[in-house]
Amino acid sequence: MSDHRLAAELASRAGKLLLDVRAELSEAPAAERKAAGDRRSHEFLMTELAAARPDDAVLSEEATEQEKANSARLTADRVWIVDPLDGTREFSELGRDDWAVHVALWQRNGSHGELVAGAVALPAQGMTLATPEVVAPAAHDGPVRVVVSRTRPPAVALAVRDALDGVLVEMGSAGAKVAAVVQGRADVYVHAGGQYEWDSAAPVAVARSAGLFTARIDGSPLHYNQIDPSLPDLIVCRPEYAEAVLAVTAPGR
């Protein structure tokens, strides 16, 4: 099975598991749904990746801090970067569909390596976006749509909205936001203020496959499988908006 197909299959199956957890715990407190979803999806992905790619390393959001700090992944040639449940809050709110499962593969290539496969499952939307064949739809005729968190839109995203005379689209998880750009339901996603590699690896792999622009907000490349997995800022947008967005986020670069 190819890495692309494996990423898509595992993300989709983890998503199905999460839908089952949601149904099983529909009457339970939200905190219980969150904990069960995180744990069971993580356990599933770790078990399946160990069976399918036993020689590869894995970096998961739900791993212990000791496991995340394990230096073995830093010397590995292939590292799967996964977020078993992106948008835990949205998952816990019955009826919301803006949460995701991320499965990406990083492969060593020179000093930094690169993302070579990825999948973002949107289980409550019945959809999985996966490399290598992702096609972004044509541009729309209305105002530029800037997708932001429904609870804490960063100031830089509001500045981009103002500079592009755009409108805000509120949404939950990072994966759902990037997927909205890939799906043509938004045009620009700008984030600043705290994320980690597992929040963006699979979405970025999918976005790049669709021909979208991806970078940090200063315009520099996104690097994965680093000693410190913090990757606090991100731009994903249609390529025709890249220069206008960077003029706001990285003036004078």
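Tutor: In this discussion, two residues are in contact when they have heavy atoms within 4.5 Å of each other. The structure is a predicted model.

Student: Leaving aside neighbours within four places in sequence, with which residues is aspartate 83 in contact?

Tutor: Aspartate 83 belongs to strand E2, which covers residues 78-86. Neighbours within four places in sequence are left aside here. The contacts of aspartate 83 are then Glu61, Val101, His102, Trp198 and Asp199.

Student: Is aspartate 83 buried or exposed?

Tutor: A residue counts as buried when its relative accessible area is under 20%. The value for aspartate 83 is 0%. Aspartate 83 is therefore buried.

Student: At which residues does UniProt place the feature "binding site"?

Tutor: The annotation comes from an unreviewed UniProt entry. The positions recorded there are Glu61, Asp83, Leu85, Asp86 and Asp199.

Student: Why can these residues be said to gather at one spot?

Tutor: In sequence they span 139 residues.

Student: The side chain of aspartate 199 reaches the backbone nitrogen of which residue?

Tutor: Aspartate 199 is located in helix H8, residues 197-209. With a relative accessible area of 13%, aspartate 199 is buried. Its contacts, apart from neighbours within four places in sequence, are Asp83, Asp86, His102 and Ala174. At a distance of 2.7 Å, its side chain also reaches the backbone nitrogen of tyrosine 196.

Student: How many of the residues of helix H7 are buried?

Tutor: Helix H7 runs over residues 174-183 and is mostly covered. Among its buried residues are Ala174, Lys177 and Val182. The helix is followed by glycine 184, which has a positive phi near 85°. The count of buried residues in H7 is 9 of 10.

Student: With which side chain does the side chain of asparagine 225 make a polar contact?

Tutor: Asparagine 225 is placed in the loop between strand E9 (213-215) and strand E10 (233-237). Its relative accessibility is 6%, so it counts as buried. Not counting residues up to four places away in sequence, asparagine 225 touches several residues, including Leu74, Trp106 and Glu197. Its side-chain polar contact, at 2.7 Å, is with arginine 73.

Student: Is aspartate 165 buried or exposed?

Tutor: Aspartate 165 sits in the loop between helix H6 (155-163) and strand E7 (167-171). Most residues other than glycine have a negative phi. Aspartate 165, although not a glycine, has a positive phi of about 55°. Its relative accessible area is 64%, and aspartate 165 is therefore exposed.

Student: Is the peptide bond from threonine 131 to proline 132 cis or trans?

Tutor: Proline 132 is part of the loop between strand E5 (127-130) and strand E6 (145-149). Most peptide bonds are trans. For the bond from threonine 131 to proline 132, omega is near 5°, and the bond is cis.

Student: What distance separates the C-alpha atoms of alanine 159 and valine 245?

Tutor: Alanine 159 is a residue of helix H6. With a relative accessible area of 31%, alanine 159 is partly exposed. Along the chain, alanine 159 and valine 245 are 86 residues apart, while their C-alpha atoms are separated by 9.3 Å.

Technical notes:
Residues are numbered from 1 along each chain as its sequence is written. This is a predicted model: local features need pLDDT of at least 70, side-chain atom pairs count only at pLDDT 80 or more; totals for chains, interfaces and linings use all residues. Side-chain values use heavy atoms; hydrogens and water are left out. Helices (H or I, at least four residues) and strands (E, at least two) are DSSP runs, numbered from the N terminus. Buried means under 20% relative accessible area, exposed over 50%, partly exposed in between (1.4 Å probe, protein chains only). A polar contact is a pair of N or O atoms within 3.5 Å; within protein, one must be able to donate a hydrogen and the other to accept it, and residues adjacent in sequence count only if both atoms are side-chain atoms. UniProt positions are given in the numbering used here, feature names are shortened, and annotations may be inferred rather than shown by experiment.
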